[in-house]
Amino acid sequence: MRALRTPVGLAAGLLLVLLALLAVFAPLLWGSRADAIDTDALQQGASAQHLLGTDALGRDIFYRVLVATRLTLGLALVATFVGVTAGLVLGSLPSVLPRWAGRLVTSAVNIAVAFPGLLLALFFAVIFGTGTVGAVLAIAFAITPSFARLTQTLTASVSGRDFIAAARVCGVGRFRLLVRHVLPNIAEPLVINATLAAGSALTAFAGLSFLGIGVQAPSYDWGRLLGEGLNRIYVSPAPALGPAVAVVLAGLAFNLFGEAAASAASHRQVVRQRSKPLHESTVEERDGEGVLTVRNLRVSFPGAAGWITPVRGVSFTVGQGEMIGVVGESGSGKSLTALAVSRLVEDPGVVTADRLEFAGKPVTETSPRELGTSLAMVFQDPMTTFNPTRRIGRQLAEVSEVHHGMSRKAAFERVVDRLRAVRIPSAAKRARQYPHEFSGGMRQRAMIAMGLMGEPRLVIADEPTTALDVTVQREVLRLLARVREERSAAVLLISHDITVVAQTCDRVLVMYAGRIVEELPTAELFTSARHPYTTALLAAVPDLETDRDAPLAVIPGRPPEPAEIGAGCPFAPRCPVADERCRNEEPELTEVEDGHRVACWRLVEGLPGLDDAMPDEKCRDGELRAGRVS
Amino acid sequence: MTQVVERRVTGGSWLPFARRRAVRFLTSLWVLVTAAFLMIHLIPGDPAREALGMTASPDVVNARREALGLNDSLLTQYWHYLGDLFSGDLGTSLVSGTPVADLIGDRLPATLQLAVTAFLVVVVVAVPVGVVMAVLTRGGRRRGAELGFTSTSVVLAAIPEFLLAVGLVSLFGVALGWLPVAGRDAAGSSVLPVLALAIGPAAVLARIVRVELLSVLGNDFVRTARAKRLPARLVYVRHALPNALTATLTLGAMMLAGMVAGTVLVENVFAWPGLGSTIVGSIQQKDYPAVQGIVLVYGTGVLLVNLGVDMVLALLDPRSTIREA
Amino acid sequence: MSELRFERVSLQYGSLRAVDAVDLTVPAGQVVGLVGESGSGKSSLAAAAVGLVPPTAGRILLDGTDVQRLRRRDRGLQMVFQDPYSSLDPRMSIGGSIAEAMPRGVDKRAEVARLLELVNLDPGRAASLPARLSGGQRQRVALARALAGQPKVLIADEITSALDVSVQGAVLNLVRDLQRRLGLSMLFISHNLAVVRYVSDRIAVMRAGTIVEEGPAGQVLADPQHGYTRELLAAAPSRHTSLWEDAS
């Protein structure tokens, strides 16, 4: 009933209640007036006495419209009920029947659903004959195929999920599977669609009655009243318009209510625009002139309860030809950082920064041409990053056609050359293929080749190998490393896998809860990491040398959601060495050695006497304490 | 699994697709023909008696049974029916005595004129409107415009075409007297029927286009196109739109089929001399051969529309040929 | 303690032979790790074992009995799936999901509480819906559900690959701990060699539907016989080797 919370849903709901009341009470209150024949007032137009005029027998059309509510709604609801039930049965049969029978039902439904409802209704009207019962059945069976199809599609989408397989493994029978697992999970869309179906059944019924093959005299519904009124529309429009308005209003009530319920179900959030987020300038100025300079980068999105800031003041520099790794768990803000520095965060996201410079110029002032040719992007899922409807070659060539003004032919030649450069065999043939004809690793290489269409000074690779097999992963990583060497491009490699970064990069940035918590050279990662999160992460990930007899170190709890981050260090709740200060005040990223920055109070405190290695010891200690099943 | 897909594709996916699709079309056509044939036999009681009424003498009823071929065995009747269909014989109308094929030949052009014009209007109006609305309201921008657009389209889509027709008649035909209210002869007589038929579907299609385009705009490859720093126009027209069309066309096909049926109601309001006004009369007069013939024509029309759309889809989106294998 | 044995098991999907005459034994009370890349057929093998797909050829034996002849509930085989966000019915309480897997005649309420405790979850949460749990907690519930079926053999299919690295360790520890305490036989499937190494007593390497190498974990890792095993070992990211080592 979330639908009632929106104004449209509320109005539609009230209208439905009004209709229901009319259906119940109108025949009792005005039944006799609607049937009263008045030979003195035949076929009158609208007047104060007869609001919508009178019909051929002098009966008052306004009251007839009110009284007809019961028959009209009743018939529509009966037809919907019969149709929906039949559709539900037909749609769930395939999951209970033996396979061949199920297929037969499915293909029968597939054929029937191609025919529009009205045509089916006419077809059934011939079989069942004209009249009320015939029309109810005709409309019910016209609804059936589409509802069966809907049930099938929804069932199939649920059946593909693992919990169904899990229940099957547990020995749950087909029928119980359907009733306990499938139907509850598709009930919501089914109810919504049944509401919409009731709306269209109502109008379809009106249509049939209007055509004279629905309700027959002396019974009358809105459609029949409309048909009678239409003959005189030139003389007096009110007798036709009255029932027409009634049909439209009732149809709308069902439709709008269904729509409101549907959008409430899809959890569409109403975003309240509040004042844009403030950004505080809290970063030390260490001027490193690099390919990419980022100072106090923040990315915010409007949420239900104000602004959410998944990236909260990130600062780093990528030097010429450097390979930098960014490590973090999902939700740490690493991918968003990549999108923000390449100006790909779209409205309503807001990006602010004290400095955000690419090749010595603020990114906001860099022309699209320059960004398009000297900043290359490689994204995570190679299956979705290419446009499936265009050939690979065309997608690569676009860069040169748009930014270098190359001819189609010249651009294609460059495409073949670049595909060769990333070692794609028979490049010319491959360039004419569609993305789905490429394997995952090959697509990722084509993506890198796309970056090479220009003269990249920086390649931003966001989890480029997460979706790939290990052997392919290594090839792609090697390719990135080669691009960097041969073209002296800098690389920003984002990964959740600290080992991958350690193997590939010069420096590593560790992100947690939207901030960099540690930055250090990869050579020192395994020996001198200082932040409790970094050390815990290193201990928690098993590699081929992990001691098999000891339990793995674990980090208790889970990373915070952006909205949960309070005043203190966001890692404090999971940190074995956290104290009062950690919980109340967030530490800044501070340089502890040349090229090594850490954001941790416990370490900063211990800094003067670093040689006594107190904090480090404590960290190891905490790790051991945490090293049990939580 | 990737390997399988690759193999299937390099081996040419068009031929199997065309074969599969042809099989489906022919099966559906067969089902349609059989359903049209069985329609008469599913009528409870004796269709000849039904048609002639209770007062007709047994001789007359029997003669009618003979004329309809109802006295033969079901299989023989079916066989004759199929044979006649192949030779273009759809039977003879019981009411007018003219061949049903001639009747359809007379009336079909008027219906086609209405349906095709209305469809063109729908596409020409709905696609640009949907695209513009999607671009304007992407990422939760311009909430007001979005709300206005969605509510208007829901309201327009919920009004059945025959009521719209009545409204249009009373406004432009009766109150303002600008356009003819009925018939096909006067100049501008097709304007109101086409509008009545097109407005609802146009609203639905515009909505679909917008929703589909919005979901495509959220795709990774659109981000790739933006990362290439292509002009916004290219991102929308070249990368987003073709991908949105796939789903749009699939749903659009169902809508177009619905419009074919919608002509029935609209023709009745405007006394348009097409198939739609004929079939209703035939149903009321229990002129079974005529109903059979017209149902076949409508049904075949729907099947052809679906076939055409699938072909266009296969051209637009090469993956769709390997889907649903 | 039971032994699970695959005897020349094949699985065919259309023209694709996903599993090709595989022989593999999970000895009683031991963990066999099955590594391979995507599409190698390892998940198909698991699906065949628990009866989600019938093998096209060959037999799957549990203590010498063909599992095809047993009803699913009586098979004594349970499985934990990869994605804990998909493997629990969002409309069913976690207690309900766990109870569903139990054999008849068990005090369901008490057993649910015991199992939740076993996987280190608060038994008071039995009535919660999965949406209220984190990924790691859901995977524990999935584990509890598998145990509710009183399995003799447990099959774990990529159970940590959908989890965040900081959570993965806890689930791995739990699996190892439970396996030892309950004496379960286990087939542990993963693409991650380091994870398989940590959990398994024996390791089998699968490629293109066949097992290319199988043996005690230490031996397979220290002295791989098959070229593909060596390739996998070389490609596995390691903190002590560089990207370029072993370039062939």
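Me: What distance separates the centres of domain 1 and domain 3 of chain A, taken over C-alpha atoms?
Reply: This is a predicted model, in which local features need pLDDT of at least 70 and side-chain atom pairs count only at pLDDT 80 or more, while totals for chains, interfaces and linings use all residues. Residues are numbered from 1 along each chain as its sequence is written, and chains are lettered from A and ligands numbered from 1 in the order in which they are written. Chain A is divided into domain 1 (2–38 + 60–266), domain 2 (292–512) and domain 3 (527–620), with bounds that come from an automatic or database domain assignment. Between the C-alpha centres of domain 1 and domain 3 of chain A the separation is 61 Å.

Me: Which residue is the bridge partner of A:Ala376 in E8(A)?
Reply: Strand E7 (residues 375–378) and strand E8 (residues 458–462) of chain A pair in the parallel sense over four bridges; strands are DSSP runs (E, at least two residues; helices are H or I, at least four), numbered from the N terminus, and two strands pair if DSSP finds at least two bridges between them. In E8(A), A:Ala376 has as its bridge partner A:Val459.

Me: Are the residues on the two faces of strand E7 of chain A buried or exposed?
Reply: One side of E7(A) carries A:Leu375 and A:Met377, and the other carries A:Ala376 and A:Val378. A residue is buried if 20 or more other C-beta atoms lie within 10 Å of its own, exposed if 12 or fewer, and partly exposed in between, with C-beta atoms placed from the backbone. By that rule, both faces are covered and the four residues are all buried.

Me: Which helix gives the largest share of the side of chain B that touches chain A?
Reply: Contact means C-beta atoms, placed from the backbone, within 7 Å, and 63 residues of chain B are in contact with 62 residues of chain A. Elements giving two or more residues to that side of chain B include helix H1 (2–10), helix H2 (14–42) and helix H11 (232–270). The largest share, eleven residues, comes from H11(B).

Me: How many residues on the side of chain B that touches chain A are nonpolar?
Reply: Ala, Val, Leu, Ile, Met, Phe, Trp, Tyr, Cys and Pro count as nonpolar, Asp, Glu, Lys and Arg as charged, and the others, Gly among them, as polar. On this side of chain B, 19 residues are polar and nine are charged, while the nonpolar ones number 35.

Me: What share of the 325 residues in chain B is buried?
Reply: Chain B has 13 helices and zero strands, and its C-alpha atoms fill a box of roughly 80 × 60 × 30 Å along the principal axes. Of the contacts in chain B with a separation of 6 or more, 72% join residues 24 or more positions apart. The buried share of its residues is 42%.

Me: How far apart are the C-alpha centres of domain 1 and domain 2 of chain C?
Reply: Chain C is assigned domain 1 (4–76 + 153–246) and domain 2 (87–150). Ten residues of domain 1 are in contact with nine residues of domain 2. The centres of these two domains of chain C lie apart by 25 Å.

Me: Which strands are the edge strands of the open sheet of six strands in chain C?
Reply: The order of this sheet is E6-E7-E8-E3-E9-E10 (chain C), with mixed pairing. Each edge strand pairs on one side only, and these are strand E6 (77–80) and strand E10 (210–216) of chain C.

Methods:
Contact = placed C-beta atoms within 7 Å.
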